[in-house]
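This report looks at how two chains meet, and at one residue in its surroundings.

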Amino acid sequence: MYTVNRKRLQKLTDSISKTSKHFNRYEVECLIKFFHTFLGETAEKQGSIGIDRNTFRNILHITFGMTDDMIMDRVFRAFDKDNDGFVNVTEWISGLCIFLRGSLEERMKYCFEVYDLNGDGFISREEMFHMLKNSLLKQPSEEDPDEGIKDLVDITLKKMDHDHDGKLSFTDYETSVREEALLLEAFGPCLPDSKRHLEFEAQVFKDPHDL
Amino acid sequence: MGVALTRAAQWTTAGFGKGTLELTPLNEALLNDIIKFVESFRVKYPQEAEFVFKEPLRWKTTLEPSEFESGYIVSDTGVLSEENSKDGQPLLILSGKDIQVSSFGQLSRLLELAKDKKLKETQICLEANRDPVVKILGAGYGIVEGEEDSSAIRFLDKMKKDDGHASIKMKISLLLQQLDVLLLNNSLKHISLEIRLNPATIKNDVDLLKRFSGEGEQTVLESIEYTSDFEFANGCRAPPWRQMHGEICYLMVKPHDCDSIYVTCSTAGVFVNGGKKNEAEEINYERHSEIFKDLVTFLRHTSAKFSENMSKQKHSFLGGKKKEKKKLKSVTEKEETLSLPKSSVISVKSPSEKRRMVRKLEPSLKWTSSAVPQEKKDSSKESQDEKSATLSVTDKPKSVSPSTSAGKTQSSSRRKSFEKVEELSSESSSESEEDEEQPDHRQEGQTDLPSEYWQIQKLVKYLKGGNQTATVIALCSMRDFNLTQETCQLAIRDVGGLEVLINLLDTDDVKCKIGSLKILKEISNNSQIRRTIVDLGGLPIMVKILDSPDKNLKCLAAETIANVANFKRARRTVRQHGGIKKLVELLDYAQSKTDPMHRHALYETKDVEVARCGALALWSCSKSHANKEAIRKAGGIPLLARLLKSSHENMLIPVVGTLQECASEEHYRAAIKAERIIENLVKNLSSENEVLQEHCAMAIYQCAEDEETRDLVRQHGGLKPLAALLNNTDNKERLAAVTGAIWKCAISKENVTKFREYKAIETLVGLLTDQPEEVLVNVVGALGECCQEQENRVIIRRCGGIQPLVNLLVGTNQALLVNVTKAVGACATEPENMMIIDRLDGVRLLWSLLKNPHPDVKASAAWALCPCIENAKDAGEMVRSFVGGLELVVNLLKSENKEVLASVCAAITNIAKDQENLAVITDHGVVPLLSKLANTNNDKLRWHLAEAISRCCMWGRNRIAFGEHKAVAPLVRYLRSKDPNVHRATAQALYQLSEDANNCITMHENGAVKLLLDMVGSPDEELQEAAAGCISNIRRLALATEKAKYS
């Protein structure tokens, strides 16, 4: 059983590392192992083939310090390419590939996908409002707390909506991010911050000989 | 009640001694409250009402005896109360107009009797008894300044000590205190409703009204003028002792329908004053009317015509008024700067007229059209509508808008009084900057300012109250404003944005830090912002950020530090928080292998960029002496040297800039030599970048004080590019640096030869005209060095360089004069040059420089005179032709400065070559003055002094005189000096002096013979000869003495 698993793992690693742009073979192997430690907890019980939404969110929360439920859901959707409710091992590696090492283009595409809540290719005013609605602290003096959010959405649109159609296309988004890199995660953190990122890589990719 | 009365009540301050309560709404309210209190006292506190006052309250009442009813014994002359105190005194005594009341009970009844005169009566009573509490309870209960807080406790203590009625007294005092608090609270309500006037608003009003005044029916007033043209710095025109009473200025207003009125504008409001009887007299400052809240209200009330015409113009007037106020503010600000050039055009005009002129020049045509409603009523109406549409926006931010920021900064600077001076000086400089760009800048500000201001304020609000996502959006959006524009910069500061931005630096979020630094970097170009950042403690945080692993952050932090560390205190702060060391570490980035950990940093940064930013920050910091030292200690020099090999221009500039700045330190120059930096400096002289060339030349200039360095520059082929750069004269800063480098390099002879080869001398001569002083100083300095060689002197003459040099002798710049005199002096060693100098009257110019207050100039001029006198034809005649010249030279021997003394001695040596002149200077007392100098240790002075003495011996009985003034013995000691020049000059002087027998004796006594015998063995023939001559004179005297003895 173990050897079979081992062989399968080898094969899997080989096939994935051929397609993976940013990871080498060793790193892929480590990530697959990491994947299986998480899978072990759930899969054995349910016999599923991937990490389910809750486990994934746990990983995002504990390992990468994300807090926003909605964004975490969206990140899950971005990882779960086939939309089956589970992140399988291929999705896991290709997702992390962008998540950890993506080029600016890849990261922009990924972030835009996360922010485009309904997947229509635009980030609309409503979507922005939805994503930003918790971004301002409650101010007792304000009569309508939504007023500030609306205003913030307007500011964002003014800044990013280059074709002035009242919504952000990918082109709008791309132009803005190239102008100002800070706007990559304009509507909420969906990439690991550099500190967590380093910690994660250090933990997962640590040299087995060091153990 | 005491506190309320002393503090809140508005006493007329005009009269001295007894003050009177003014009839202001506030006072009326106060009085009514007091009346209510007293009236109800008898009913509410019957026991306390019987308490007899320590001292009766006395005043002159308006009540008639007949008005008193039952309970009083009324007689013709007065009234006594039936109620008596324990010792039988009536509690109320009225005799004539004087009334005395000794209890609250009686007071209450009195007020009841007074009916409608209540108010008047209370007022008079309080005016007569400024501190009623003291009279009621005793002196111990008075109001002590600054002690209100503890008064309750004090009263309690007092109470215990007091005898008798303790509890009653206690109650009364508590009641009075309650009343006091009540009064204060009420008066606060009143005060808060009041809008106090200030000089600016009054000025605006007056200026505005002036525009609508003049002859004719349509105008609102015939005239309105200040009584005084002088305006104090605070904007007031009232004399200082009146300003103490809150008065701002006095106006003479002539409405259409009544006589001229004199009006006082004070912070409390506007009222009619006593006016002037005639021109010479002072204004009678007493108030003669009620107080109006502002000038317009007052005039409306006073002049019917005014309010009629005002309502006609109401539209244009009031609508525009607010806008106008803003404009006027900028006009008045401009006035200061514009009035100078303007006045040269308008020449003699009264200040008020000038003001009008300036205002006309204000390019707001719209407004002037609405000011003449008759002609363009329609258009003015239209424009009016436009204006009122914008008004809701424009008038709101007025109180806080950056146009008033000058005042704000002042108040903030007052807060930080410890650095007030620094603050103010910076302010003035920033203001002058502002002035330069004012015309379009202001105009722009007027229209854009309000919306920008509000938008920025909104963004700052989101910065404060948003999570990191909102913060990043707000930060990015803020960057869309033109942050180089002062209005935006100050708007950010004024809405408290700087605090937030700096706080963000202290968070964990990298994105927020980056966004915040990006803004800080931009706005820190403004000196006021820089100071505020330092005051808010921004620098230590930025220094801490330098440690961050994120390179982007490091860069931004270093760049911001580079901007902020533009003044001393900031640089010190950077150093004290260990910033220099960290910045130096940044320099190491370009070389050290990239840490694999950072390879995938989220935002790509280049290591070179980090080093560049580090160098940029060090450049700013290196302007402080202690920082230079810190950079060196942190090992910055080798790193800078390494970076200097880089090929990135924008990296080289800060690196060379830092080196150039630091090269003023001896340590650095040594290190620069040791680190082979010169080579790279020379290489970069040939760069394309002018700024880089400039700094390289500057660094060479600083370092070339050292001979070895000069040789290095030559060996690395630096002289040719330097000479080549002379041909480009457009960039004056670079030219100054290049000529400076040439000057210093030319101190070495080999370098001069090279320069001659490169035809640099000709070019330098060409630069003697039409250049700024900093360039001229260096050019002339360089020529002065070149002139040490005969060949170059000829070149200069042939290129026509002597005339411009002589022309420069009339300048005022000390450094320039020192160099020019040196160059002219060097030229004068050539007889042909001397002829030209003489023809141009150069000697006279040099001579007059002896009067220059600066000792360096004096000395340099005197040195230059020596070759002139030596080489001029008919030198004696020429010298005599300068009236008072010889006396001037002789008097310079009284100087304290050794260099001046040496140079003047040298000049005297040359002057004394002419017998007639020698006679004149002898008459001016040159001998005692020279003799007095004899006791010096300075070899240079000794040398020239000895020469001068030897020359001066040639006249009359000067030899004997030197002996008499005890110059001989010290001269003998000169022979023990190590300087051969001193030996020669001294031997010659002694030889001359030894012609006198007494001097010989002195020399002999001081052991001159032995010393002179040694000198005879010198290889210097002149010295030999003089020494031998002197010995022979001494010997001859000895022989003669012996002969006389035995014969």
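This is a predicted model: local features need pLDDT of at least 70, side-chain atom pairs count only at pLDDT 80 or more; totals for chains, interfaces and linings use all residues.

**Interface of chain A and chain B**

The interface brings 28 residues of chain A into contact with 26 residues of chain B. The size of an interface is often given as the accessible area lost when the parts come together. Here the buried area is about 2400 Å², and carbon and sulfur atoms give 60% of it. On the side of chain A, the residues that lose the most area to chain B are A:Ile155, A:Lys159 and A:Leu182, together 24% of what that side buries.

| Pairs between chain A and chain B | Count |
|---|---|
| Salt bridges | five salt bridges |
| Polar contacts, both residues at pLDDT 80 or more | nine residue pairs |

One of the salt bridges joins A:Asp151 to B:Lys458, with 3.2 Å between the closest N and O atoms. Of the elements, α8(A) gives the most, with seven residues. By residue class, that side of chain A divides into 12 nonpolar, eight polar and eight charged residues.

**B:Arg612**

B:Arg612 lies in helix α28 of chain B, which spans residues 607-621. Is B:Arg612 buried or exposed? B:Arg612 counts as buried because its relative accessible area is 13%, and the cut-off for buried is under 20%. Beyond its neighbours within four places in sequence, B:Arg612 is in contact with B:Glu559, B:Asn650, B:Met651 and B:Pro654.

Notes:
Residues are numbered from 1 along each chain as its sequence is written. Chains are lettered from A and ligands numbered from 1 in the order in which they are written. Side-chain values use heavy atoms; hydrogens and water are left out. Helices (H or I, at least four residues) and strands (E, at least two) are DSSP runs, numbered from the N terminus. Buried means under 20% relative accessible area, exposed over 50%, partly exposed in between (1.4 Å probe, protein chains only). Contact means heavy atoms within 4.5 Å. Buried area is the accessible area (1.4 Å probe) that two parts lose on being put together, summed over both. A salt bridge is a side-chain nitrogen of Lys or Arg within 4 Å of a carboxyl oxygen of Asp or Glu. A polar contact is a pair of N or O atoms within 3.5 Å; within protein, one must be able to donate a hydrogen and the other to accept it, and residues adjacent in sequence count only if both atoms are side-chain atoms. Ala, Val, Leu, Ile, Met, Phe, Trp, Tyr, Cys and Pro count as nonpolar, Asp, Glu, Lys and Arg as charged, and the others, Gly among them, as polar.
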